[in-house]
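The sequence and coordinates are shown first.

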Amino acid sequence: MDFSFTFAFQPIVDVVNKSVFAYEALVRGPEGEGAMSILSKVNERNRYSFDQVCRVKAVKLASRLGMQTRLSINFMPNAVYKAEYCIRTTLAAAKTYNFDTSKIIFELTEDEKLTSVEHLVSIIEAYQEMGFYTAIDDFGAGYSRYNIMMASPPNLLKLDMGLVRNIHEEPNKQAVVSGIITMMNQLGGKIIAEGVETKEEYFWLRSQGISLYQGFLFAKPGFECLPEPIYPD
């Protein structure tokens, strides 16, 4: 690749025991530039190498920072031609940098441009069989993949911040989120409320039993560091 990048880390917190459940690795430019400054350079030619380098860099930096909790890595399903083969670089990096592979979460973003449902399901199933956590990001953003949920539900489902925003005063959003909570409870997975910015949003979501959160209310992403979250009263 002809461009360099690094990561910021944002905590996903468990408010029940006031601990960090995981840190999500968020792509940044070498000087802290936003994710799009890097992702805009990804194309058909370099997608596979970018996806592979992302995994190695995230594991390496997490290890260097002494991360003791889970590491959530976003991956590109279209770059994974076969999960069993494409995971080899990740496993080698974890061994090299002494990072426990059982603490890795592979997170995919909902997007209409994603590859076929069958391919996504095969990746999720393969990763789970290998002992990795899997997560679907931005659930409810417009391309909710209920077909994946029926075929092979992930361990974690992240509510899209569009659903979270001002949920305490929008009954329609509340109805949708309540349905998603019921679904995940019955499927045996957990929900992460993403993009939580206000106490009012948090208190409503907490009243529904959600215990995992990510957002500015708790901590902003830290450039090449592991920020300590704060917990609302």
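## Helices and their packing

Leu-120 is located in helix H5 (residues 117-129), where helices are DSSP runs of H or I with at least four residues, numbered from the N terminus. At 0% relative accessibility, Leu-120 counts as buried (under 20% relative accessible area, 1.4 Å probe, protein chains only). Its C-alpha atom is separated by 11 Å from that of Met-149, 29 residues apart along the chain.

The model is predicted: local features need pLDDT of at least 70 and side-chain atom pairs count only at pLDDT 80 or more, whereas totals for chains, interfaces and linings use all residues. Residues are numbered from 1 along each chain as its sequence is written, and side-chain values use heavy atoms, with hydrogens and water left out.

Helix H2 (residues 47-64) has 18 residues and should span 26 Å at 1.5 Å a residue, which agrees with its end C-alpha atoms being 26 Å apart; the expected span is 1.5 Å times one less than the number of residues. Buried residues of H2 include Phe-50, Cys-54 and Leu-61. Gly-66, with a positive phi near 75°, follows H2.

The axes of H2 and helix H4 (residues 88-96), lines fitted to C-alpha atoms over the stretch in contact, come within 9 Å and cross at roughly 15°. The two helices, H2 and H4, are therefore roughly parallel (angles under 35 degrees). The residues in contact (heavy atoms within 4.5 Å) are tabulated below.

| Helix | Residue range | Contact residues |
|---|---|---|
| H2 | residues 47-64 | Gln-52, Arg-55, Val-56, Val-59 |
| H4 | residues 88-96 | Thr-89, Thr-90, Ala-93, Ala-94 |

Definitions and conventions: Buried < 20%, exposed > 50% of the residue type's maximum accessible area, 1.4 Å probe, protein only. Axes fitted to C-alpha atoms, helices over the stretch in contact; angles between N-to-C directions. Parallel < 35°, antiparallel > 145°, perpendicular 65-115°, else oblique.
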